[in-house]
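Have the sequence and the 3D view ready.

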Amino acid sequence: MGNKQTIFTDEQLDAYQDCTFFTRKEILRLHGRYHEMAPNVVPMDYTKDPDVKLPMQLIINMPELKENPFKERIVESFSEDGEGSLSFNDFVDMFSVLSEMAPRELKAIYAFKIYDFNTDNFICKSDLEKTLNKLTREELTAEEITLVCEKVIEEADMDGDGKLGFADFENMISKAPDFLRPFLPGPVQV
Amino acid sequence: EDESKEEDSCSEQNRASRRKNYERNNSDGKKVGEKGIQPRETGKKAPTKDQKESANKVKKTNKKGKGGENKQKTDRKNSTSSASSNSSDEESLSEEELAMLMEQVEQKKKLISTMRNKPWRMVKKLSVLREAQAFVEKFEGALGKGKGKKLYAYKMMMAKKWVKFKRDFDNFKTQCIPWEMKIKEVESHFGSSVASYFIFLRWMYGVNLVLFGLIFGLVIIPEVLMGMPYGSMPRKTVPRAEQATAMDFSVLWDFEGYIKYSALFYGYYNNQRTIGWLKYRLPMAYFMVGISVFGYSLMVVIRSMARNANESTADGDDENFIFSWKMFTSWDYLIGNPETADNKFASITTSFKESIVDEQESNKDENIHLRRFLRVLANVLIICCLCGSGYLIYFVVKRSQTFSKMQNVGWYERNEVEIVMSLLGMFCPPLFETIAALENYHPRIGLKWQLGRIFALFLGNLYTFLLALMDDVKEKLAEEDVVRNITHWTLLGHHNSSMGNGSTAAPPLLDPADVPRGPCWETTVGIEFVRLTVSDILVTYITILVGDFIRACFVRFVNYCWCWDLEAGFPSYAEFDISGNVLGLVFNQGMIWMGSFYAPGLVGINVLRLLTSMYFQCWAVMSSNVPHERVFKASKSNNFYMGLLLLILFLSLLPVAYTIMSLPPSFDCGPFSGKKRMYEVIQETIELDFPLFVAKIFSYVANPGLIIPAILLMVAHVTKVSYKNSMRKIPIKLKMTGHPSTCLELLTHFNLQRITVTHAE
C-alpha cells in the first residue's frame, strides 16, 4: 500500500497516475524535486490543491534541463500563461511527456510546440533559424544558416506554403530512424 | 480507517458531480424531480415529455454512428439528463437505451484509460477525468438492472480491484528492475546509444537467469539430490589412471579431473528411467529442458522484436530528410553533463558543416571506375582474410587432436585453439576497417559493411570449429565400439574370476574407478564449449583492462613527460565500441545455446559472467572512456541486434538438432546411454507412462501426411496476418506522400482489399 504520506490524497495520486505515465512513487519524487527548488514557496501539503507557480528561472536550472539548448522553450510550452512559470500540474505534465513511456505521437505534438518559437502554429523560417542557432551555439555563418533552413523547408514542406505545419512536421518525424529512443523531447528521467 | 476516508471522499465526489449534473439539468431547463437532490443511484422520476423527446433525439444521433468526442461531450449533457431520467424509471428502460448507455459508459472508460495520451493541459485532463469517472460510477450501477444486477455489480467491483492490483503490481515491478540508476548515469554521460548496450546486457542477463533456473531446477538439482552419488557408478567416478592428478589446478582449469565427472557435464547423468521416491523421469526431463531452452529463447526474442517493430514504422534508408532530421533529432535529451553537452554541440556543428559541404559538392565528378575497382579489390582481400582465418582454425583444431594423444603437452599446446580463435576475433576487425578505407563509403554504409564482415568472421570461425569438432566426435564414436567390447569382456572376465572361487556369495563388483571407459563424446563437446566460453570471457576482460584502463592510465599520467600530447593525438582515450561489444554478446549467447545441451552448467557460468560484466563494464566505461566525438547517425535500431540474435539462435539450434537426431549417444555415459538415438526417450515415455490411447494418438499425429499440411496452414495464417497488418499501415503511409488524387484511389483500393480479406475470414 505504500507509506502514509500526507502530501496528496489517494484520489489525487490515482488521478495523477491516470493522467501521466508515472507511478505513485515517481509522482511523490517529482513533488520532492518541485519542493526543493523553492522550499519556502511550495507547500508540503497539496491536498487542497494550492495555487503555486514557480518561475522559469528556477526550472531551467534543474540538472535534467540545464544543458538542453531548448530549455526555455520546453518550459514555456508547458506553462499555462506561456511565460514559463509552472504549477505543479504543469511540472508533472512536462516530465510525463518527456519520459520514455510517452508515445511518439504525443512527443511529436509537444516537439512542434517547442520548436515553434513565435507560437503561430507554424514552424517558419525564423523559427528554424533560431533552432539552428541554439543547436550550434551560433557557430555557423549566415549563408550556412540560410542554406540549411532552405533545405529543411524544401525537404519537409508538403503543402507548399513555405513553412512547416504540424502535418508536415509529423510526417517528417515519423520517417526518422531510431526516432523513438532518445531524440525529440526524449526520455528525461527524474 | 483509510478505507472509510476513501469512501467518504468518494461519495463526496459523487455527490459533487451528481450535483453538477443535476445543476446542468436545471440550467437546461429540464425538470428534476421535486424530491430534491439526493445521493441515491436511482430515484423515481416521471419522465417528462421533453425528456423523452431529447432521449429520442440522442438515440438518433447515436444511431448515426458519429462517436466523435466533441459530439459526445455536447450530447452528454442531454444524454445524462435523459439517461438519468431513464435509469430512474425501471419500466421504460428498453433494450436500446440500455445498449446506448452501455456504449457511453464504454466510451468514458476508454477515455479514462487513454487520458495520459491526450495533449491537454493537466488541469483540463484532471477535470475531464473526474467527470468521466463520476459518470461511469453513476451509471454502472444503473446498468445492472433486473436479474443480473448483483452479478454485474460484483463483476464491476472485481474489474476495479483487478485494475488496482495491476497498477500496484506494475509499480512493484518497476522497483525490481536492477541497475536502473547505474544505466541512467552512463546514459547521461555517454548518450543513449552506449546505454542501449547496457540495457541489452541487462535483458540478456534476465533471459539467462530464466534459462539457468530451468536447467538448475529441473535437471541438476534432481540428479544431485535424488540420483546416485559420486563414486557409485563408472560414469560418475574419476578413472583410476587419472585420480592422481584429478585435483591439480591445471587439470581443473582444463575442465578435466573432478570437474569433468560432476553434474556440470552431460556424462555425469544416469540413464535410470525414474529416480528417487518422486519417480522423477530424469532422461525425459533432460531432453525436454534442452528443447524448452531453445523454445523459450525463441519466444522471448520474437516478442522483443515485435515490441520494437511496433515502435519503428520507418525504413532507415530514406535519404529525403537529411537536414530536417539533423535539425530536429540530433539533440540527445539525456545529456546532463556539461562536458558531454559541449561535445555534442561541437559534433552537431561539425555534422551540419559536413552536410553543407556534401550538399555543395554533390555534383562533383568522380572516377566511377576507379572507385568500383577499389571496392572489388577490398572485397577480394577481405574474403581472402575470412578464408584464411577459417583454414587456420581448422588446422589448429586438427593439431589439438594430435596433441591430446601425446603426453607432456605444454600449456600453449593445450589451449592453442581458444587462443587462436580469440586472437582472430581481436585482430581481424581492425584489419577489415583498414582495408575498408579503400572503399570510400559513406560512414553509415561503411559501418554496415563492417558489421556484416565481422559477423561473417565470427560465424565462419564458429562453424569451422564445429566441423572440426564433428570430425573429432566421429572418431570418438568409432573408438567407442572398440571400447565397448573391451568393457564388456573385462566385466565378464572379472565376474568369472570372482565366481571361480566357488563361493555362492554375490560376486564383488568391480570398483567403478577401474572399469574401462568409453570416450563419451558428449562430455568432450561440452568441455570444448565451456573452455571456449571461459577463454572468451578472459580475453574480453583482459582487452577491456589493457585496451581501456591501462591505456587511460598511461595517457593520463605519462602525458606530463611525453613529447606529443597523448590525449589529443595517438593513443588518446578509448571510445566505447558499441557494435563490437554487442556482437560479442550475441555470439557468446550463441555459444551458450549450442553448448548448454551437453554441459548443463554452462548457463550458470554465463549468468555469473553477465553479472560481473555489468559491473565491470560500467566501471570501465565511466572511468576510462570518453564520449563519442562524431554524432554517429549509425545508431542501429534495437531490431537489428534482435534480428542477429534470432539468426544466431537458429544457427546454434542446427548442430544440436543434428547431433540429437543422427548421432547415437554414448553407451556408458549420460542420460540417454543404451538407446540408439536420443529422441527415443520420448517414445519410451509415451509407451510406458501414458495410457494406451495417447500412444495411438501420437502415432497418428506423427504421420508426415498430417504434419506437412499443418505447417502449410500455419505459414498461410502467418502470411495472412502480416498481410493484413501491412494493409493497415499502407493508407497511413500514403497519407504522408501528399498526392491527393492517387492517394484517394489507392486508399479505396486498399480498403476494398482489406474488407475482402476480413470477409474471407
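Q: Which residues of α6(A) and α7(A) meet each other?
A: On the α6(A) side they are A:D93, A:V97 and A:L98, and they meet A:L106, A:K107 and A:Y110 in α7(A). Contact here means heavy atoms within 4.5 Å. Sorted by type, the residues of this contact are four nonpolar, no polar and two charged. For that sorting, Ala, Val, Leu, Ile, Met, Phe, Trp, Tyr, Cys and Pro are nonpolar, Asp, Glu, Lys and Arg are charged, and the others, Gly among them, are polar.

Q: Before we go on, what sort of model is this, and how is it numbered?
A: It's a predicted model, where local features need pLDDT of at least 70, side-chain atom pairs count only at pLDDT 80 or more, and totals for chains, interfaces and linings use all residues. Residues are numbered from 1 along each chain as its sequence is written, chains are lettered from A and ligands numbered from 1 in the order in which they are written, and side-chain values use heavy atoms, with hydrogens and water left out.

Q: What makes α6(A) oblique to α7(A)?
A: Helix α6 (residues 88-98) of chain A and helix α7 (residues 104-115) of chain A pack at about 120°, with axes 9 Å apart. Under 35 degrees is roughly parallel, over 145 roughly antiparallel, 65 to 115 roughly perpendicular, and the rest is oblique. That angle therefore makes α6(A) oblique to α7(A).

Q: Why is A:S77 called buried?
A: Buried means under 20% relative accessible area, exposed over 50%, and partly exposed in between (1.4 Å probe, protein chains only). A:S77 has 6%, so it is buried. Leaving aside neighbours within four places in sequence, A:S77 is in contact with A:K113, A:I114 and B:R121.

Q: Why is the pair of B:W179 and B:Y205 called tilted?
A: Rings of Phe, Tyr and Trp (its six-membered ring) pair if their centres lie within 6.5 Å; planes under 30 degrees apart are stacked, over 60 edge-to-face, and the rest tilted. By this rule there are 47 aromatic pairs over all chains. The rings of B:W179 and B:Y205 have centres 5.1 Å apart and planes at 55°, so this pair is tilted. Both B:W179 and B:Y205 are buried.

Q: How do you know that B:K236 sits over the ring of B:Y268?
A: The test asks for NZ of Lys or CZ of Arg within 6 Å of the ring centre and within 35 degrees of the ring normal. B:K236 lies over the face of B:Y268, at 4.4 Å from the ring centre.

Notes
Axes fitted to C-alpha atoms, helices over the stretch in contact; angles between N-to-C directions. Helix = DSSP H or I, 4+ residues; strand = E, 2+ residues; numbered from the N terminus.
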